[in-house]
Structures are given as structure tokens and as C-alpha cells.
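Trainee: I would like to learn how to read a structure feature by feature. Can you take me through one?

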Amino acid sequence: MKALVYTAERELIYREEPDPVPAQGESVVRIQNVGICGSDMHAYLGHDERRVPPLILGHEAVGTIVEGSRSGRRVVLNPLITCMCCNYCLSGRQNLCPDRDLIGMYRPGAFAEMIAIPERNLIDVPEGMDSTKAALTEPGATALHAVTLAENAVSRPISECSTLVIGAGSVGLLTALVLKDKGALAEISETNPLRRRTVLEHTDCTVFDPQDSLPAADTYDLVFDAVGNSRTRDTAVASVRPGGVVVHIGLMDNQGGIDTRRLTLQEITFIGCYTYSPLDLRVTLEKLHSGALGTLDWYSSRPLEGGSEAFRQIHAGECGAPKVILQL
């Protein structure tokens, strides 16, 4: 099969790879669409020691089962593979499973014509749904999970909260769209002018450039950091109101600290947010299909063989789309 393989820092090669051989309980899926995630970018730049080249990256995928008990079904992949028997898995918090794995991290990912994956990790795509939009399920579920965590922590209905989302990548934008679906209006902070234009042209979200004016201190009841670097963490903690909530989603770096004195004295809740549950994925897929999260016409599609150039453009800030989806 053909695959886009991460072979060295800032190097991706489209080449022949062995066809996947399914283990017991696994199905083989022929990939149709797969998104480029920020974590794939981290690997590409050599910033993720867990992803060791040569490796097929990619985990935001949709395709058709070609080998397995549900052959012929169009499915979204749940890329998070867990033990399903620990206390976390049994309580619906599979994202915290100590034995969790992720396709495109320690095992081959979905930047390929085919992938082998446990059958329990496959979710049927609704009849008539566009496969490219279905590929937004994984980042959408991350956004939904973040908003759910926030709802459990804020002291008032989320629809009454003033909200800031830092970063207009797909997770940040989808977080704002999930908030909108719940009756809340979020402002989005984004430094890339091409992305700001895309958000303004394809959604009714409010977006601004934090390089022109930083968010005012003590302004928001709820702040989502969908970037996750030292600067955005500082902004998140400074801009949230006393008694407010910060949800930290992004994992750009682990440099610098946060103002723990302010967190303590102002009773600010700081929540780490990692991926999603299987239910988050199913709910998100239905919301994407129903139109609850908007028209979803803000992504960019590229052929898989052109994936290397897509990575380069994203890193250079030359891509205005919050999400690039590779097609096979």
C-alpha cells in the first residue's frame, strides 16, 4: 500500500509500505480522509520523543472496512486504544487508561491507504454524511470533551458565561462552535491573519488578533487554551475572572509555569483536558452530521501524496484553514 511516512525531522515521504495484517479482534479499514493534527506537526518538527521515525502518522480518520465482521461499513476511527478492563475504562474515562495507545504514535497511523485497528474502535458514519466532514469527529470530540469538563466546573450555566478560546485551529474553532451550540458566545484569539479571515468568512464567531491587544485581565468566566504554550497559559490565567475556569487543551510546549498564586488567591480552577471518551466521539459525529456545529466548510482538502507540502505550509503559517484533511 501507499503511505505518507515520517522518516526524519521535517521529512515526510510518500512511499510503498507493507499492507496491514490484522490481529485477533481487529479489522482492516481503507482510509478515505484523514486530518493533520497539531500532534502530527509536533512529530514532524522533532518535538515528540514518543513518535520515533520511521512512522506512519495520522489519527483523525474515516474510511471503509474491507476486512472484518462489518465489511463494507463506512466508519470513523476512534484512535485511542485502551485495555477496556481497568477502573478508568470501566467508568467511561478510557482517555485516562494507563495502558492507552494511539494510532500514529507507537503503532502505524492513518496516513496510509489501509490500517488495522480493533473493531471496537470503529463508529458507523451516518447514512449520507460527507466523509470529509466525518473526519472532523476526532478534533470535534476533543472540543466537546473540553466544554463538558468546563460545564462541570463553572458556577453558572455555560450559556451565561463570557468565554475566550485561545487559538483558531480546528480544536479551538470547534470548541467555539460547541459553545455556540450550547447557547454561549465565545471570542477567539488567533495570531494567524489567514486563519482569522477563514473564521470570519465561514462562521459567525468573533475573532481578534492578540498581538494588537491582549485580552483584558479579569474579563472571562471561562477560558480555553487550545494552543498550550507558556505565553497562552499566562494569557489564560491573567484574563480569567476570580472564581473562573481555565481549560488547558493544547500541548505545544511544557515551558514556563503559571501564576499559581493568582490561581489560589482568586479561586481559579485550572483543568487539564486530554482527548475524549468513546461517547464524546459518537455525540460529536451526530452533531457534525445534524448541522449543530455549522456548515463545516472551513477545512482544506489535499491528496495524501501532497501531504509533505501541506505540513510545510502549516508550519510556515501559509495555510489559512483551521484543518487540512488529506484524501485518498
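Mentor: We go from the whole chain to single residues. Keep in mind that this is a predicted model.

Trainee: How many helices and strands are there in the protein chain?

Mentor: The protein chain has 10 helices and 18 strands.

Trainee: What radius of gyration does the protein chain have, and what would a compact globule have?

Mentor: The protein chain has 19 Å. A compact globule of 328 residues would be near 20 Å, so the two agree. For the extent, take the C-alpha trace: along its principal axes it spans about 55 × 40 × 40 Å.

Trainee: Which share of the residues counts as buried?

Mentor: Of the 328 residues, 54% are buried.

Trainee: What share of the contacts comes from residues 24 or more positions apart?

Mentor: Among contacts with a separation of 6 or more, such residues account for 68%.

Trainee: How far apart are the mean positions of the positive and negative charges?

Mentor: They are 1 Å apart, for 30 positive and 41 negative charges.

Trainee: Now the aromatic rings. What describes a pair of aromatic rings?

Mentor: The distance of the centres and the angle of the planes. In this model there are two aromatic pairs. Start with Y44 and F311: the ring centres are 5.1 Å apart and the planes meet at 55 degrees, so this pair is tilted.

Trainee: Where do Y44 and F311 lie?

Mentor: Y44 is in helix 1 (residues 38–44), and F311 is in helix 10 (residues 307–316). The pair therefore ties together parts that are 267 residues apart in sequence. Both Y44 and F311 are buried.

Trainee: Why is the pair of F111 and F311 called edge-to-face?

Mentor: Because the planes of F111 and F311 stand at 90 degrees, with the ring centres 6.0 Å apart. This pair also links distant parts of the chain, 200 residues apart. F111 sits in the loop between strand 8 (101–102) and strand 9 (114–118), while F311 belongs to helix 10. F111 has a relative accessible area of 0%, so F111 is buried. F311 is at 0% as well. Put together, Y44, F111 and F311 form one aromatic cluster.

Trainee: What is the phi of R10 and of L296?

Mentor: R10 has a positive phi of about 60 degrees, though R10 is not a glycine. R10 lies in the loop between strand 1 (2–8) and strand 2 (11–16). L296 also has a positive phi of about 60 degrees and is not a glycine. Find L296 in the loop between helix 9 (278–290) and strand 17 (300–303).

Trainee: Is L296 buried or exposed?

Mentor: L296 is buried, because its relative accessibility is 1% and the cut-off is under 20%.

Trainee: Last, one residue in its surroundings. Which residues is V237 in contact with, leaving aside neighbours within four places in sequence?

Mentor: V237 is in contact with V246, I258, D259, R262, L263, I268 and F270. V237 lies in helix 7 (residues 230–239) and is buried, with a relative accessible area of 2%. For V237 and V207, which are 30 residues apart along the chain, the C-alpha atoms are separated by 19 Å.

Technical notes:
Residues numbered from 1 in each chain as written. Predicted model: local features only at pLDDT ≥ 70, side-chain atom pairs only at ≥ 80, totals over all residues. Heavy atoms only, no water. Helix = DSSP H or I, 4+ residues; strand = E, 2+ residues; numbered from the N terminus. Rg over C-alpha atoms; globule rule 2.2 N^0.38 Å. Buried < 20%, exposed > 50% of the residue type's maximum accessible area, 1.4 Å probe, protein only. Contact = heavy atoms within 4.5 Å. Lys, Arg positive; Asp, Glu negative; His and termini not counted. Charge placed at Lys NZ, Arg CZ, Asp CG, Glu CD. Phe/Tyr/Trp six-rings, centres within 6.5 Å; stacked < 30°, edge-to-face > 60°.
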